[in-house]
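Here are a few exercises to work through with the viewer open. Try each task yourself before you read its solution.

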Amino acid sequence: MCSSLPWLRSLPLLALIIANNAFAAEGDLLKPRIVDWMSESIRAIAFNSDGTILAVAPKENDFWLADPATAKKTADIKALGGPSNFLFAGPKPDLLYSVEGFLVRLVNLKSGQDVATYGSSFGISGNGVLSGDGKTLAVCSVPGGLELLLADLGRSLSILPASDAPPNGEDWKTISVAFAADGKQAAGGRPHGKVYLWNIEGVKAKDTITIEAHAGAAEGLAFTPAGLVSLGRDGKVKTWNLADGKEISTHDFESPLERGWLLADGQVAAILRKPGAGEIQLHRLPTKTSEPAKLIGTINIADVFDGFPIRTREFVVPHLVLAPGGKYLAVAIQAGQEELTNARVGIYDVADIMPKMMVPQGPSNSTVADNSDSLPKTTPAPQPVPRAEQEARTWQTADGMFSVEAQLVSFANGLVKLKRADNGKVITIKITQLSADDQAFLKSKR
């Protein structure tokens, strides 16, 4: 009987894999923890730099903080220059940038007080991002380019201008931004689909490459080892050569998008299809041009309104953000109906499906000072990784029914520890349950 059911022999290994969250079914529906608060609308959401605090800017002037592990509201931060239109992580876990009209604030999340403020003469039209060394802040500027500021908001360093005139007033705005880890390139995307790639010398634009990227808003940008990746509302993800701006590859989701985001350093696309399909899809982007994108998870938008009376299933997703390290995904979702609109935030644990985040290059120490004495002023350099752990390979069970790409961590006393290549989790398996080739590989490492 057992010989006719070979899958039974793999049950011990399967139990180990499940216990270690080793596998997630393709496209599994993710369930939210719902923040215990709602507003008529939500202007922005952001995690702090270590992903332990979620900040939410509602329609009202103040923004508030929540614990992503429990979805409980923990504090209110008073507005200074009006409602927060954009929020993004500061150079330390205790710090957060808030954009309020023409004013950029650097706020201490413990005290609720401003560490520094900067008044932009042009206005900020979109999000912002820190350089890899934590010294320079790039923010989307209304004139159509990017504005570079000192991370401590001491002064403006330069404007990175667009290289051509937009066709209409709304397209002056820059809506997406990316900053290369080495600080030598930056990119900005526009509502009309163009992407501007700036080569930076010092803090000034040495030259600008204009890329006719998308037939719809250029919503997401990310610098990756393969090149500059862009995601457009036309439903296409494209990779561009950093030297000349030429197209390297295109992956097509085969329909326009209502919204789109690039996550995990450009390794994952989160898409909301147009017309709204009622769910957000998370796709792992391929590393080779011949491979398709892989669906790794879905979010039912309506789940955050369970128990709330909704007459019409009309949903808007104004913001979506991934925590540093890839543990949590926060989604602001707005539901509309006659004379009543409400917005809520759902927090999803995505650690098991997100790829390991790329490590930024350059020093990690920050030059921004604040009044917090709870944080170290320097970050220790990472220790070298043993060579055996640097090389990922495909491991397979003896019956051939299960396989995983992973790095060898250690093996002893009949057990082997492997670190999954896709999410960094360490799993433990009996050596005797591995294939003959894998066992021979381990013997060669003794």
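Before we start, contact means heavy atoms within 4.5 Å, while axes are lines fitted to C-alpha atoms, for helices over the stretch in contact, and angles run from 0 to 180 degrees between N-to-C directions. This is a predicted model, so keep the confidence cut-offs in mind: local features need pLDDT of at least 70, side-chain atom pairs count only at pLDDT 80 or more, and totals for chains, interfaces and linings use all residues. Residues are numbered from 1 along each chain as its sequence is written, and side-chain values use heavy atoms, with hydrogens and water left out.

**Exercise 1.** Work out the strand order of the open sheet of four strands, and find the helix that lies across S30, S31 and S32.

*Solution.* 
- Step 1: Helices (H or I, at least four residues) and strands (E, at least two) are DSSP runs, numbered from the N terminus. Two strands pair if DSSP finds at least two bridges between them.
- Step 2: read off the order. It goes S30-S31-S32-S33, and the pairing is antiparallel.
- Step 3: look at the edges. S30 (392-396) and S33 (426-430) each have a single partner strand, so one side of each has no neighbour in the sheet. From one strand to the next, the twist averages 55°.
- Step 4: zoom in on one pair. S30 and S31 (residues 403-412) run antiparallel and are joined by five bridges; Gln 396 has Ser 403 in S31 as its bridge partner.
- Step 5: H3 (residues 436-444) lies across S30, S31 and S32 (415-420), and runs at about 130° to S30.

**Exercise 2.** Trace the two hairpins that involve S20.

*Solution.* 
- Step 1: start with S19 (residues 218-224). A hairpin takes S19 to S20 through two residues, and six bridges hold this antiparallel pair. Gly 220 sits opposite Leu 231 in S20.
- Step 2: carry on to S21 (residues 236-240), which runs antiparallel to S20 and is joined to it by four bridges. Here Leu 228 faces Trp 240 in S21.
- Step 3: check the turn. Three residues lie between S20 and S21, and Gly 235 in that turn has a positive phi of about 85°.
- Step 4: ask how covered S20 (residues 227-232) is. Six of its six residues are buried, where buried means under 20% relative accessible area, exposed over 50%, and partly exposed in between (1.4 Å probe, protein chains only).

**Exercise 3.** Find the largest nonpolar core and describe the surroundings of Ile 280.

*Solution.* 
- Step 1: A nonpolar core is a set of buried Ala, Val, Leu, Ile, Met, Phe, Trp, Tyr and Cys residues joined through side-chain atoms within 4.5 Å.
- Step 2: count. The largest core has 27 residues, and those with the most contacts inside it include Leu 263, Ile 280 and Val 331. Two or more residues come from each of S23, S24, S25, S26, S27 and S28.
- Step 3: list contacts. Beyond its neighbours within four places in sequence, Ile 280 touches residues including Ala 270, Leu 272, Ile 299, Val 317 and Val 331.
- Step 4: look elsewhere. Another core, of 17 residues, lies apart from the largest one and has Val 35, Ala 66, Val 345 and Ile 347 among its members.

**Exercise 4.** How far apart are the closest N and O atoms of Lys 31 and Asp 303, and of Arg 105 and Glu 100?

*Solution.* 
- Step 1: a salt bridge is a side-chain nitrogen of Lys or Arg within 4 Å of a carboxyl oxygen of Asp or Glu. The whole structure has 13.
- Step 2: for Lys 31 and Asp 303, the answer is 3.5 Å. These residues are 272 residues apart in the chain. Lys 31 is exposed at 55%, whereas Asp 303 is buried at 9%.
- Step 3: for Arg 105 and Glu 100, it is 2.6 Å. Arg 105 is buried at 2%, and Glu 100 is buried at 2%.
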